[in-house]
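Open the model in a viewer and keep the selection panel at hand.

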Amino acid sequence: MSRATPRPAVERSRLRAIDLVALSTSGLRARPLRAVLSALGIAIGIAAMVAVLGISASSQAKLAQQLDALGTNLLTVEAGQDLFGAEASLPKDSEGRIGRVAGAQGAAGVGALPKIRIYRSELIPEAQSGGLAVRAADTSLADVLDLSVRSGAWLNEAMGAYPSVVLGDRTARQLGIERAGSLVWLGGQQFAVVGILAPVELAPELDTSALVGKQVALDRLDYDGAPTRMYMRANEETLAETRALLPQTLSPEQPETITVSRPSDALAAKAATDETFTGLLLGLGSLGLLVGGIGVANTMIISVIERRREIGLRRAIGARRSHIRRQFLGEALVLSALGGLGGAGIGALVTAGFARSGGLPFTLPLYVPAAAIAATLVVGAIAGISPAWRAARVPPTVALSG
């Protein structure tokens, strides 16, 4: 009795990686317009996210540059109110007292002259002062604040004793003065404009001020010699200790009336506010990405319905369910990747354009576009799972008969 000849084993079909790439792009190449419109939804979401993060990073870099240039060791000292609500004042020798504090590197003050007004000429009505302030300034103020004069020169001891004035940036613009050498009407007399300041980042109140020398203020403008605000530079390493010593030094009897602040903290607070706004915009960009993912899922479901015959034919000639799943999942990933790459590029261009127009350093960390593209692949995978499984479950006979 002869044995039956064993039947040869049927080799199971395999899907090579190169074939998977071709299959994953075949549907997109057959319907390019649909692919572009589907990828556009993801591209818009990714572009918004990359642009928001890029603009935020550029703004942070600009702030870091400003703080490095201006310094974070500047303190301002003002007198507030005592326990009974009465206005307190700084002592006339505030500069000398501050100079004796450990860690002090320099100090200068300004004294407000609330009854003095400045006008372009004596013909301007008194009520039209424009809210500009007149202050008596120490000649050392320029060194302490590192002031930049865009026209003319800063006050020196000689000029500070005569009717001469240095205008803040906004003050000069409001008075219509473009360069030093003009005359203005200040305190009922003519003063010569000897300088115009550039904007002062850490002391913006000076931008709307007219600064005169302390001596001429004493002689002609009824200044009592007591500063209303002091600016001081302190050693970075002992800044906290110096700050704590100032109230006791300036007003031993009522230290609670002395307010010490650091202007760079205001810039940092503004940056924190910008970060909150950035988070809101980032959330809106994430919603755009979610909408794009829904669009990809919708496109893949329609693709499965339209290509039932193709699925049935591939199954009939040996393709396994896993091959069908990988094909449609690959299509979703390719579609999402195209949207991610396009969105990252658009976001980078928007960031570069914003930085250039706003004078900001272009800063876009590499992890931002990388994370954005990775996020699109995750969204694409999630959006493609259901259509891929649905395509793989279609029986070949049903697909071909449909």
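**Stop 1: the cavity**

Helix H8 gives the most to the lining of the largest cavity, three residues; helices are DSSP runs of H or I with at least four residues, numbered from the N terminus. This is a predicted model, in which local features need pLDDT of at least 70, side-chain atom pairs count only at pLDDT 80 or more, and totals for chains, interfaces and linings use all residues. Residues are numbered from 1 along each chain as its sequence is written, and side-chain values use heavy atoms, leaving out hydrogens and water.

Select Gly-27, Leu-28, Arg-31, Arg-34, Ala-35, Thr-299, Met-300, Ser-303, Arg-307 and Glu-331 to show the lining of the largest cavity. Two or more lining residues come from each of H1 (17-30), H2 (32-70) and H8 (263-306). The space is about 80 Å³. On a 1 Å grid over the protein atoms alone, a cavity is a set of points where a 1.4 Å probe fits but cannot get out; lining residues have an atom within 4 Å of a point.

**Stop 2: the pocket**

The largest pocket, an open set with protein on both sides within 12 Å along at least five of seven lines, has a volume of about 340 Å³. Of its 18 lining residues, select Ala-112, Leu-113, Pro-114, Asp-224 and Thr-228, the closest to its centre.

**Stop 3: H10**

Select residues 321-358: H10 has 38 residues and reaches 55 Å from first C-alpha to last, close to the 56 Å expected at 1.5 Å a residue, counting one less than its number of residues. Just after H10, Gly-359 has a positive phi of about 70°.

Methods. Points joined across faces, edges and corners; volume = space filled by probe spheres on them.
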